[in-house]
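This report covers one protein chain, beginning with a single residue and moving on to the chain as a whole.

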Amino acid sequence: MSSASGQQHPLGLYFKVWILLFVLSAASYMVDYLQFHGLLRWSLVLLFMAVKAGLIIAVFMHMAWERMALICAILLPPLVLLVLIGLMSSEAHWTWASRLLHFGG
C-alpha cells in the first residue's frame, strides 16, 4: 500500500506543465503572427516544438520518474537517428556543391 501511495504525483505539477505548454504554443503562434522569416522562424518553431515534446514525454508520459536505463532505451534511438539525418544532410550538401563545381550548373 505504501508503494502505491508513493507513485502519486501532485496535480499542481500537471497544471503548471499544462500552462507552460499553453504559453509555448502561444509563442509558437507568435512566430507566425510577427512574421519572422528564414532560419530564425524555423529555429524558433523547432525549438518550441522540441521543448513541448520534451515536457509531454517527461511529465504526462511519466518518463521523468522512470529509471535511467529505460529512459536511455527509449530516447537514444531517436537521437541517433537525428544525428544520422544531420550527417546525411551535410553530405548531400557537399555532394551537390561538388557536382556544381565540377560539372557546372
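## A lysine and its chain

Lys-52 is part of helix H3, which covers residues 38–60; helices (H or I, at least four residues) and strands (E, at least two) are DSSP runs, numbered from the N terminus. The model is predicted: local features need pLDDT of at least 70, side-chain atom pairs count only at pLDDT 80 or more, and totals for chains, interfaces and linings use all residues. Residues are numbered from 1 along each chain as its sequence is written, and side-chain values use heavy atoms, with hydrogens and water left out.

Lys-52 is buried and has no salt bridge. Buried means under 20% relative accessible area (1.4 Å probe, protein chains only), and a salt bridge is a side-chain nitrogen of Lys or Arg within 4 Å of a carboxyl oxygen of Asp or Glu. The nearest side chain of opposite charge is that of Asp-32, 11 Å away; Lys and Arg count as positive, Asp and Glu as negative, and His and the chain ends are not counted. Leaving aside residues up to four places away in sequence, Lys-52 touches Leu-21, Leu-24 and Ser-25, where contact means heavy atoms within 4.5 Å.

The chain has four helices and zero strands, in the order α-α-α-α. Its radius of gyration (over C-alpha atoms) is 20 Å, well over the 13 Å that the globule rule gives for 105 residues, so the chain is more spread out than a compact globule. That rule is 2.2 Å times the number of residues to the power 0.38.

| Chain property | Value |
|---|---|
| Box filled by C-alpha atoms, along the principal axes | roughly 75 × 40 × 10 Å |
| Buried residues | 13% of the 105 residues |
| Contacts with a separation of 6 or more that join residues 24 or more positions apart | 60% |

Technical notes:
Buried < 20%, exposed > 50% of the residue type's maximum accessible area, 1.4 Å probe, protein only.
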